[in-house]
Amino acid sequence: MSGWESQRRIVIDRILGSTVQIVLEREGKRVRSGSGVVVAGRPSATGAACFVLTSGHTLDMTAADSTVHVLLKRHRGSGTKVPATVLAYHDADDVDVGLLSIDIDDCPGVTIGRSPTSATRSGSWPSPGAAT
């Protein structure tokens, strides 16, 4: 495995660990699903309060009789289902974002790195398979 491929694998593993599936259920039946990413966490009385960023249209039409769940670790199998609280969402032409909160023991938040440099934005990264 080349240096580029091993670095790529490390990045993918970090991202996959913080990706989640959002599931909306009504009367025990799935009515909608979407994807999201754990973006932050903080200690809470029950473990960690994790914040999940998703699309607003995933949460749009959430009724009082709906329940929202987050499935963690789906990349490793069936995942772990935890209840979620909708903190905010907006679904419009210019903004499509939603924010959920979940309480779990360990928050798998993504590590956000530095912004790309101008050289990176111009496409200077090697393509997969290129010599590094």
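# A guided tour of the model

Starting at the N terminus, the elements of the protein follow the order α-β-β-β-α-β-β-β-β-α. That makes three helices and seven strands, where helices (H or I, at least four residues) and strands (E, at least two) are DSSP runs numbered from the N terminus. This is a predicted model, in which local features need pLDDT of at least 70 and side-chain atom pairs count only at pLDDT 80 or more, while totals for chains, interfaces and linings use all residues. Residues are numbered from 1 along each chain as its sequence is written, and side-chain values use heavy atoms, with hydrogens and water left out.

**Stop 1: the core**

Color by burial to begin. Of the 132 residues in the protein, 26% are buried; buried means under 20% relative accessible area, exposed over 50%, and partly exposed in between (1.4 Å probe, protein chains only). Now select Ile22, Val70, Leu72, Leu100 and Ile102, the residues with the most contacts inside the largest nonpolar core, which has 16 residues. Strands β1 (19-26), β3 (47-54), β4 (66-72) and β7 each supply at least two residues of this core. A nonpolar core here is a set of buried Ala, Val, Leu, Ile, Met, Phe, Trp, Tyr and Cys residues joined through side-chain atoms within 4.5 Å.

**Stop 2: two salt bridges**

Next, show the charged side chains. The whole structure holds two salt bridges, each a side-chain nitrogen of Lys or Arg within 4 Å of a carboxyl oxygen of Asp or Glu.

Select glutamate 25 and lysine 81 for one of them; their closest N and O atoms are 2.8 Å apart. This pair links distant parts of the chain, with glutamate 25 in strand β1 and lysine 81 in strand β5 (residues 80-83), 56 residues apart. Glutamate 25 counts as buried because its relative accessibility is 13%, whereas lysine 81, at 44%, counts as partly exposed.

Then pick arginine 26 and aspartate 65, whose side chains meet in a salt bridge at 3.4 Å, N to O. Here too distant parts of the chain are linked: arginine 26 is in strand β1 and aspartate 65 in the loop between α2 (56-59) and β4, 39 residues apart. Arginine 26 is partly exposed, with a relative accessible area of 28%, and aspartate 65 is partly exposed at 44%.

**Stop 3: from β1 into β2**

Move along to glutamate 27, in the loop between β1 and β2. Check its backbone: phi is near 55°, a positive value in a residue other than glycine. Glutamate 27 is exposed, with a relative accessible area of 73%.

Lysine 29 sits in strand β2 (residues 29-44) and is exposed at 59%.

**Stop 4**

Finally, switch to a surface view. Which residues gather in a patch of negative charge? Select Asp91, Asp93, Asp94 and Asp96 to see them. Patches are made of residues with over 30% relative accessible area and no salt bridge, with like charges joined within 9 Å and nonpolar side chains (Val, Leu, Ile, Met, Phe, Trp, Tyr) within 5 Å. Aspartate 94 lies in the loop between β6 (85-91) and β7 (96-104), and is exposed at 66% relative accessibility.

Valine 95 lies in the loop between β6 and β7 and is partly exposed, at 33%.

Note on methods. Accessible areas come from the Shrake-Rupley method with a 1.4 Å probe; for residues, only the protein chains shown count as cover. Lys and Arg count as positive and Asp and Glu as negative; His and the chain ends are not counted. The place of a charge is taken as NZ of Lys, CZ of Arg, CG of Asp or CD of Glu.
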